[in-house]
Amino acid sequence: MQVLQGMDPDKMIIILPSALVAMYLIISLQKKLCSGSNPHIGLILPAICFAASTILAVRPLIMAAQEISGGLVLLCLRMWFTFNIATLVFLFPYYMRIRTMRTETASKKSAAE
């Protein structure tokens with residue numbers, strides 16, 4: 001938030017819509033990956049996001065190996081939870097696709113009987 005407070009309004013006009021477009025494209029890519037014949041391909045982006053968030057959250061603990069304090073551990077834990085919000089966003093289309101596939105197979109089984 002502090003970065004946005006000191007930012008020039010002209011740059012903000014360009015950066016914020018660009019970030020929204022990038023997020024839309026990435027989420028559209030995730031929906032396309034989940035809607036294929038093998039929906040498990042839809043786990044690629046959440047796995048990448050989870051690994052990156054774990055690395056980013058653990059990095060301060062690795063850098064301060066000798067002076068690990070309780071406050072640093074709590075900070076890293078909060079960072080990990082915050083960074084994994086994107087992982088949950090990417091898992092939502094995957095979950096919806098799996099749920100739809102289960103409903104379709106259940107309706108096919110009941111129609112066949």
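I13 is exposed, with a relative accessible area of 58%; exposed means over 50%, buried under 20%, and partly exposed in between, computed with a 1.4 Å probe and protein chains only. The model is predicted, so local features need pLDDT of at least 70 and side-chain atom pairs count only at pLDDT 80 or more, while totals for chains, interfaces and linings use all residues. Residues are numbered from 1 along each chain as its sequence is written, and side-chain values use heavy atoms, leaving out hydrogens and water.

I13 lies in helix 2, which covers residues 9–34. Together with I14, I15 and L16, I13 forms a nonpolar patch on the surface, and the four have about 390 Å² of accessible area together. Such a patch is made of residues with over 30% relative accessible area and no salt bridge, with nonpolar side chains (Val, Leu, Ile, Met, Phe, Trp, Tyr) joined within 5 Å and like charges within 9 Å. A salt bridge is a side-chain nitrogen of Lys or Arg within 4 Å of a carboxyl oxygen of Asp or Glu. Accessible areas come from the Shrake-Rupley method with a 1.4 Å probe, and for residues only the protein chains shown count as cover.

K32 is also placed in helix 2. K32 is exposed, at a relative accessible area of 63%.

The protein chain as a whole has five helices and zero strands. Helices (H or I, at least four residues) and strands (E, at least two) are DSSP runs numbered from the N terminus. Of the 113 residues, 16% are buried. The chain exposes about 8800 Å², and carbon and sulfur atoms supply 72% of that area.

Helix 3 (residues 44–63) packs with helix 5 at an angle of about 170 degrees, the axes being 9 Å apart. That makes helix 3 roughly antiparallel to helix 5. Axes are lines fitted to C-alpha atoms, for helices over the stretch in contact, and angles run from 0 to 180 degrees between N-to-C directions. Angles under 35 degrees count as roughly parallel, over 145 as roughly antiparallel, 65 to 115 as roughly perpendicular and the rest as oblique. L45, P46, C49 and F50 in helix 3 meet A86, T87, F90 and L91 in helix 5, where contact means heavy atoms within 4.5 Å.

The axes of helix 4 (residues 70–83) and helix 5 (residues 85–112) come within 4 Å and cross at roughly 25 degrees. Helix 4 and helix 5 are therefore roughly parallel.
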